[in-house]
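Here is a brief report on backbone geometry. Take a look at the model before reading on.

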Amino acid sequence: MKGFTATLVATAGLLFSGIASAKITEPVTVKGNAFFVGNNRFYIRGVDYQPGGSSNLADSLSNTTVCKRDISYMKDLGLNTLRVYTVDNSANHDECMDLLSEAGIYLILDVNTPKFSISRDFPVASYNEVYLQHVFATIDAFSKYTNTLGFFAANEVINAANSTRAATIVKALIRDMRKYIGKHSSRPIPVGYSAADVAENRREMAHYLNCGSDDARSDFFAFNDYSWCGASSFVQSGWDKKVENYTDYSIPLFLSEFGCIDVKPRIFNEVKALYSTQMTGVFSGGLVYEFTQEPNNYGLVQINGDNVTTLTDYDNLKKQYSSTNNPSGDGNYQEGLPPSDCPARTSSWEAFNTLPDLPSAASTYMNNGAGKPQGTNGASSQFVPQNQKDYKLPGESGAPAPSSSGSAVNSGDKKKGGAAGGMAGLAVGSLWMGTVVGLGTIAGAMLLF
């Protein structure tokens, strides 16, 4: 993540959301198609951070030893933002978040875990009160920190040309998260989505999440991009076309993952393009994948117990960051751009503009708060649907008629959410950094849409 332009406000004894701290980072806000800290444009200069990778998911933000170990290297790299894919919302994160704040580092957090996320095979079924309680409890756990930059509602749920139907549920979740933050947080916190590097529908997804009524639109959009490999260029990589495609996009846009490894070691010469005025009128920086070396070989550092060894990629990235300044002024950001037009439904884009209502059993959480966080244990919110109402979207044949456009919450329903054990056929898919991978291979349970 690029160019830390924020100022660290050290105000002893200042109270924010009931927490006293001498290290208060001024929150990031959205203005037009850019992020700001106060009156200064904010560019994300960051890395994706999940020590242990997808095979050994651990909450590094609740481990003070790990946090202290890694923050010195993050400061040395010149980072101002981390993306973390999974946390335990029942754990205490105060000390690590305070250390990050002291270092001037913000957090963008994915709200999902292996057991609590949207299923792209059964999106309607996975959008239930158990899942929403988890999401809302995660918001509660991190909204109190001023250096929580934002939340990713989901990551790469739409990962192929035939998975666009699930976008309807992603957008409904973004709507619900924004409403919950408005009711239960002392400040606005941006909510957005991290899209897969899929050219067939990435633009449709971007415009879909930025169309419609104000309450249903995303606060930002990000996508994973590995098209700049080795000694490429702004034109050769196709980044010039990405700028052209999103020139009139009205909300902040950034790269949630970048750093192609087709050519090793990585030289990261794309950094100079990303923070130049060629791009900053449209893009607000990005996150390099990833901090620690895992089996996929994208790491900047090698971790062995308490020992950290910096790799060649680390040195090359540090060199690029240190020699690349942010543009002066506001970087040509744009304000007052109109929302996107909703993409038409076709055989290759199957999302609906009418969103499902918040599940009635989740209304108590929306109205009264999520209550006690359940952490990463317990029954999953994923299950294979056994009847039509659990897999039909509004507007599909046989679906229950929505009670509204999908923007309102049934505030009168105080019924508490049922336990996941009451859902027939519980089943968990495999997960890659917060996204459930297809459940369609479960024998005898495949439903065709």
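## Asn332

Asn332 is partly exposed in this predicted model. Its relative accessible area is 48%. That value falls in the partly exposed class because the class runs between the buried limit of 20% and the exposed limit of 50%.

Asn332 sits in a loop. The phi of Asn332 is positive, about 65°, although Asn332 is not a glycine. Most residues other than glycine have a negative phi.

## Glu156

Glu156 also has a positive phi, near 55°, and is not a glycine. Is Glu156 buried or exposed? Glu156 counts as buried, because its relative accessibility is 18% and buried means under 20%.

The loop that holds Glu156 runs between strand E11 (148–155) and helix H5 (167–184).

## Cis peptide bonds

Most peptide bonds are trans. The bond from Lys264 to Pro265 is cis. Its omega is near -5°. Where does Pro265 lie? Pro265 is in the loop between strand E14 (253–258) and helix H8 (270–274).

The peptide bond from Tyr289 to Glu290 is cis, too. Here omega is near -5°. Glu290 is found in a loop, with strand E15 (283–288) on one side and strand E16 (301–304) on the other.

Notes
Residues numbered from 1 in each chain as written. Predicted model: local features only at pLDDT ≥ 70, side-chain atom pairs only at ≥ 80, totals over all residues. Heavy atoms only, no water. Helix = DSSP H or I, 4+ residues; strand = E, 2+ residues; numbered from the N terminus. Buried < 20%, exposed > 50% of the residue type's maximum accessible area, 1.4 Å probe, protein only.
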